[in-house]
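User: Could you take a close look at the aromatic pairs for me? I'd like one connected walk through that part.

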Amino acid sequence: MGYGHMLSISVKDSPGKGRGVFAQRNFKKGEVIETCPVIVLPAEEIDSLELTQLYNYYFAWGSDSKDAAIALGYGSLYNHSYNPNARYYKDFDNSLLKYVCIRDIQEDEEITINYNCDPEDKNPVWFDLAGQEDLGIL
């Protein structure tokens, strides 16, 4: 299937969250939304990453989560939710992130993931802002 999912999703402003990824059509549970190549940065480069805007966009990478990865495509633009409609899988061998629906998603709905990877994980994420309206805090 390659990387050709761009016509199915678009990047738009998400109220209160900056940019987000939105469905351009209906998706079914289990469907792959996007497969993103990643650029892997070794652990010793993460300190340098902290000096840049990219620091807010990287994923922990590698079997020990010590490396960093920046997702290409729309991969670094999905917003966090504690009640997400998608999840991501890390493919270390092929340097890919795969985004998959965990429930049906309607056209024009924002596609969200839990930044903790596990959709059920309610642990605070590092900034813990974008998901707070889901918890009734905001």
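Analyst: Happy to. There are five aromatic pairs in the structure, counting rings of Phe, Tyr and Trp (its six-membered ring) whose centres lie within 6.5 Å, with planes under 30 degrees apart called stacked, over 60 edge-to-face and the rest tilted. This is a predicted model, in which local features need pLDDT of at least 70 and side-chain atom pairs count only at pLDDT 80 or more, while totals for chains, interfaces and linings use all residues. Residues are numbered from 1 along each chain as its sequence is written, and side-chain values use heavy atoms, leaving out hydrogens and water.

One of the pairs joins Tyr55 to Tyr58; it is tilted, at 5.6 Å centre to centre and 50° between the planes. Tyr55 is partly exposed at 32% relative accessible area, and Tyr58 is partly exposed at 23% (buried means under 20%, exposed over 50%, partly exposed in between, with a 1.4 Å probe and protein chains only).

Tyr88 and Tyr99 make another tilted pair, with 6.2 Å between centres and 45° between planes. Tyr88 sits in strand β7 and Tyr99 in strand β8, eleven residues apart (strands are DSSP runs of E, at least two residues, numbered from the N terminus). Here both partners are buried: Tyr88 has a relative accessible area of 3%, and Tyr99 has 0%. Ring pairs also bring Phe59 and Tyr78 into a cluster with Tyr88 and Tyr99.

How values were computed:
Helices (H or I, at least four residues) and strands (E, at least two) are DSSP runs, numbered from the N terminus.
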